[in-house]
Amino acid sequence: MVNSCCVINCNNRSQDRYGKRILNGVRFFSFPAWKQHLGNQISDLTKRRRMAWVSAIRRKDITFDNISRHMFVCSRHFLSGKPAYEMLECHPDWVPSLHLGHTEVKATHPERFTRRSKRQKALAQKNAAPATSPALPDLKLEIDEDPPSDEDPPSDEEPPSDEDPPSDEDSQSLQMDEAASTYELEEQQECSFCSCRRAEINRLLEENRLLKEELSQKTMSEDFLGDDEERVKYYTGLPCFAVLMGVLTQLLPCLPRTGRNLSPFQMLFLTLMRLRLNLPIQHIAHLFSIDQKTVSTTFRDTISAMFTHLSPLVHWPERHCLKGSMLQQFVEAFGNHVAVIVDCFEINAERASNQRAVAQTSSQKHTLKYLIGITPRGAIAFVSKGWGDGVSDKYVIESSGLLHKLLPGDLVLADRGFDIGENVGLMCAEVKKQKLVTKDAEETRKIAHLRVHLNRVVGCVRRKYTMLSEAVPVSMIAPCEDEDMMFLDKVVTVCCALTNMCPSVMKL
């Protein structure tokens, strides 16, 4: 279909007379519609805009209620080449304003334009003159002295005018001019109102944005952490926000959704904050605006999901991987046969608050011992379940399953308190201990120097996740239902897996 511009003396068309599309970059826009069902403000605004377009085009066959859908205005009549957004009432392109053909119409009828100007000027003078003049009483007396005759014209008739009587076309044109002037005045007043209204709207929008930003900083959500790596490290122990979101992606399929007022991100964030800072449950409940029971349930459910998905990160590497990644310091001291460095660390548990609970747990010691194995690269390769206080290191190593992971020729570095030489010998492996004897002084110095990084790793786990450094609730050392482990065992494994996701602290 051919689109043509309806502006006076504008011949822009979308196709030529042969039906070929004209590629001159001219675009065509239809008249704005009056939107009556979007509220009073939108209705009034769109009505004014439609009236403004009709007034700007000034064609007799185009009225507010009679605009064909085939009537278009081309881009030549807008400053920016297209109409402005309908809410920007003060924009120059809110209505067409260029090359509208009005001046050309006046130039084709100069005498009519002159008469119209004279009438407007006379009307202005008449409105400015006083209602009565001082010469009128004398003039009235002179007229009363001479009685009117039959030949005299009636006194109430106006004197003949030298100008031609206005035609219907002139009257219509004058009415259009007066209507346009009235509309321009109303438009100026409306624009001033719109400016104030728009300024108030912008102020409210900016205030709303600032309030949302302030609220996001106080809400425990993704926006609270953002791209601030220092904040991520402080609250979660993970190196960056991307790693945190990667953990969340792995946990999403198995995180429980039981109608709680927490998102999956908040469930993970709550758990990491509890591990990292060991905050009281009441304080966490206040931060997340939930009750304490929900905090406890969410923590246990999330830890169980993390244990299922993250425990494979604590794994024993293959021998060729160990040899290929062996650091030069270990090669110079022991060759490439070092498999693991072992040590034990302890976690204290709170005592039960009532006597019955104390009696039930009196047989259990309130200190849990864990065996940990570190590779020469500084990764945690093994962590045992917790053993009660009073159990020897030898018994822990024999019962933990670590010996079954050794291969013939493997070298195990252990503290001098570990009496496991015979057990490792059965596996055709060798144990190097830190013994303070004179003949082994040189070897002792080597082991002591290289074992520093074991202390760094174990210390990193306990410093990074302070829950392991302080007394844990007695409920965490109770056996898990249908599982041969305590809930604290899952917590320790999760902390070791999260530590393996961070850069190694080993510095040799």
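In which helix does Met273 lie? Select Met273 and you will land in helix α9; helices here are DSSP runs of H or I with at least four residues, strands are runs of E with at least two, and both are numbered from the N terminus.

Before going further, a word on the model. It is a predicted one, in which local features need pLDDT of at least 70 and side-chain atom pairs count only at pLDDT 80 or more, while totals for chains, interfaces and linings use all residues. Residues are numbered from 1 along each chain as its sequence is written, and side-chain values use heavy atoms, with hydrogens and water left out.

**The whole chain**

Zoom out for a moment. The protein chain has 19 helices and eight strands. Of its 508 residues, 38% are buried, where buried means under 20% relative accessible area, exposed means over 50%, and partly exposed lies in between (1.4 Å probe, protein chains only). Now take the contacts, meaning heavy atoms within 4.5 Å: of those in the chain with a separation of 6 or more, 61% join residues 24 or more positions apart.

**Back to Met273**

Return to Met273 and show its surroundings. Met273 counts as buried, because its relative accessibility is 1%. Leaving out residues up to four places away in sequence, Met273 touches Tyr235, Asn278, Leu279, Leu287 and Phe288.

**α7 against α9**

Next, select residues 229-236, which form helix α7. Two packed helices are described by the angle between their axes and the distance between the axes. For α7 and α9 the angle is about 75° and the axes are 7 Å apart; axes are lines fitted to C-alpha atoms, for helices over the stretch in contact, and angles run from 0 to 180 degrees between N-to-C directions. The two helices are therefore roughly perpendicular to each other, on a scale where angles under 35 degrees count as roughly parallel, over 145 as roughly antiparallel, 65 to 115 as roughly perpendicular and the rest as oblique. To see the contact, show Lys233, Tyr234, Tyr235 and Thr236 of α7 with Phe269, Leu272, Met273, Arg276 and Leu277 of α9. Colored by class, this contact has six nonpolar, one polar and two charged residues; Ala, Val, Leu, Ile, Met, Phe, Trp, Tyr, Cys and Pro count as nonpolar, Asp, Glu, Lys and Arg as charged, and the others, Gly among them, as polar.

**α8 against α9**

Keep α9 (residues 264-277) on screen and select α8 (residues 241-251). What is the angle at which α8 and α9 pack? The angle is about 115°, with the axes 10 Å apart, and this pair is therefore also roughly perpendicular. On the α8 side, show Phe241, Leu244, Met245, Val247, Leu248 and Leu251; they meet Pro264, Phe265, Leu268 and Leu272 of α9. The residues of this contact are 10 nonpolar, no polar and no charged.

**α11**

Now select residues 292-310, helix α11. With 19 residues at 1.5 Å a residue, α11 should span 27 Å, and its end C-alpha atoms are 26 Å apart, which agrees; the expected span is 1.5 Å times one less than the number of residues. Buried residues in α11 include Val295, Phe299, Ile303 and Met306. The buried residues of α11 pack against α8, α9, α10 (281-288) and α19 (487-500).

**α1 and Arg58**

Jump to residues 40-57, helix α1, whose 18 residues reach 26 Å from first C-alpha to last. Among its buried residues are Ile42, Leu45, Arg49, Arg50 and Trp53. Step on to Arg58, in the loop between α1 and β2 (72-74). Its phi is positive, about 55°, although Arg58 is not a glycine. Arg58 is partly exposed, at 29% relative accessible area.

His99, in the loop between β2 and α2 (102-107), is another residue other than glycine with a positive phi, near 50°. His99 is partly exposed at 47% relative accessibility.

Finish at Arg27, in the segment before β1 (28-30). Arg27 is partly exposed, at 46%, and touches Val73, Cys74, Ser75 and Lys82, not counting residues up to four places away in sequence.
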